[in-house]
Amino acid sequence: MAQLGGGRDADSFYVQDCRQVQNNTHTIQTLTGQISRLVGTLEAEKDFQHCRKMVDDAVRQASETKTILARIREHQFQAQNAAERNNRRMMYQKLSDNLAITARVLEDVVRRFTAEERRRPGVGVFEAPLTQVSAADMAGGNDNAPLLSTGSQSSLDQELQKEKVQTLRKVDEDMLCLQRIYTDLAQTAEEQQASFDTLESHMARAASDLERGRDELEYADRYNFGARIKRKLWLIGGGVLALVLLGTVAGS
């Protein structure tokens, strides 16, 4: 087994990566379930902020898990024999399928969250708090002036609208990231399966060629053996004929 840094062999890194992918995928699935339940109860701003954070965490972990999966794929080429290489190929395929399915489900949940985010009013209505009015002011007919001027209200509205646009853009980027994850995994799986099918085809062709070659050798051996027998028979026959002729000449 090849030794890597720190005295550890390649197999231990392979096992560690497989466990990490399994744990990460389970964590993403748990987060996806929590986000799905939270999307149905979104009310206050803090609920949306908490949901956004969970989405970001789940997408980030999915991206990191995809990177670890790429290492697991490379571990296949470090296998010591064909059987081990095939086992690692099957393990990679299983882990890849699990992550791809999880990413698709998470994308669907994020899409639901995006719909809720878009339905939420982008601009809140800020009401100026009521203040105590003195009797003199009441008598003088002074109105209670709002604490926020029209210009200040407009500025706050613009800031909130800008924040909402940025939030929706970030969520859209998360969905695109998830789409790239399961699309890339599917493409890699197809390429690996095509490569495996090609290898099996070459192996089957090689086995067929070997079988045909063995039959031809056996036939050639039988043919050569028969020719040797014929040559011996001709020699024996020629010797007998020569003896008969010699006997005839001697008798006459």
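**Exercise 1. How many salt bridges does the count come to, taking a Lys or Arg side-chain nitrogen within 4 Å of an Asp or Glu carboxyl oxygen as the rule?**

*Solution.* Keep in mind that we're working with a predicted model. Run the rule over it and the count comes to 11 salt bridges. Let's take one of them: the side chains of R52 and E117 meet at 3.2 Å, N to O, which passes the 4 Å cut-off. Now place the two partners. R52 sits in helix α2 (residues 45-75) and E117 in helix α3, so this pair ties together parts that are 65 residues apart in sequence.

**Exercise 2. Work out how α2 and α3 are arranged relative to each other, and say which residue classes make up their contact**.

*Solution.* Start with the geometry: the two axes lie 10 Å apart, at an angle of about 160 degrees. Angles over 145 degrees count as roughly antiparallel, and therefore that is the label for α2 and α3. As for handedness, the crossing of α2 and α3 is left-handed. Sort the residues of this contact by class and you get 14 nonpolar, 3 polar and 6 charged.

**Exercise 3. Do likewise for α1 with α3: are they roughly parallel or antiparallel?**

*Solution.* Helix α1 covers residues 10-39, and its axis is 10 Å from that of α3, at an angle of about 20 degrees. Angles under 35 degrees count as roughly parallel, so α1 is roughly parallel to α3. Their crossing is left-handed. The contact of α1 with α3 splits into 13 nonpolar, 7 polar and 5 charged residues.

**Exercise 4. Finish the set with α1 and α2: at roughly what angle do their axes cross, and how close do they come?**

*Solution.* The axes of α1 and α2 cross at roughly 155 degrees and come within 9 Å. The crossing of α1 and α2 is left-handed. In the class tally, this contact holds 18 nonpolar, 9 polar and 4 charged residues.

**Exercise 5. Check the span of α3 against the expected value, then find which residue's side chain reaches the backbone at its start**.

*Solution.* Helix α3 runs over residues 82-119, which is 38 residues. At 1.5 Å a residue you'd expect 56 Å, and the reach from the first C-alpha to the last is 56 Å, close to that expectation. Next, look at the start of α3: the residue you want is N81, with a side-chain oxygen within 3.2 Å of the backbone nitrogen of A83.

Key. Residues numbered from 1 in each chain as written. Predicted model: local features only at pLDDT ≥ 70, side-chain atom pairs only at ≥ 80, totals over all residues. Heavy atoms only, no water. Helix = DSSP H or I, 4+ residues; strand = E, 2+ residues; numbered from the N terminus. Expected span 1.5 Å × (residues − 1). Polar contact = N/O pair within 3.5 Å; in protein donor to acceptor, adjacent residues only side chain to side chain. Axes fitted to C-alpha atoms, helices over the stretch in contact; angles between N-to-C directions. Parallel < 35°, antiparallel > 145°, perpendicular 65-115°, else oblique. Left-handed = near helix turned anticlockwise from the far one by under 90°. Nonpolar A, V, L, I, M, F, W, Y, C, P; charged D, E, K, R; others polar.
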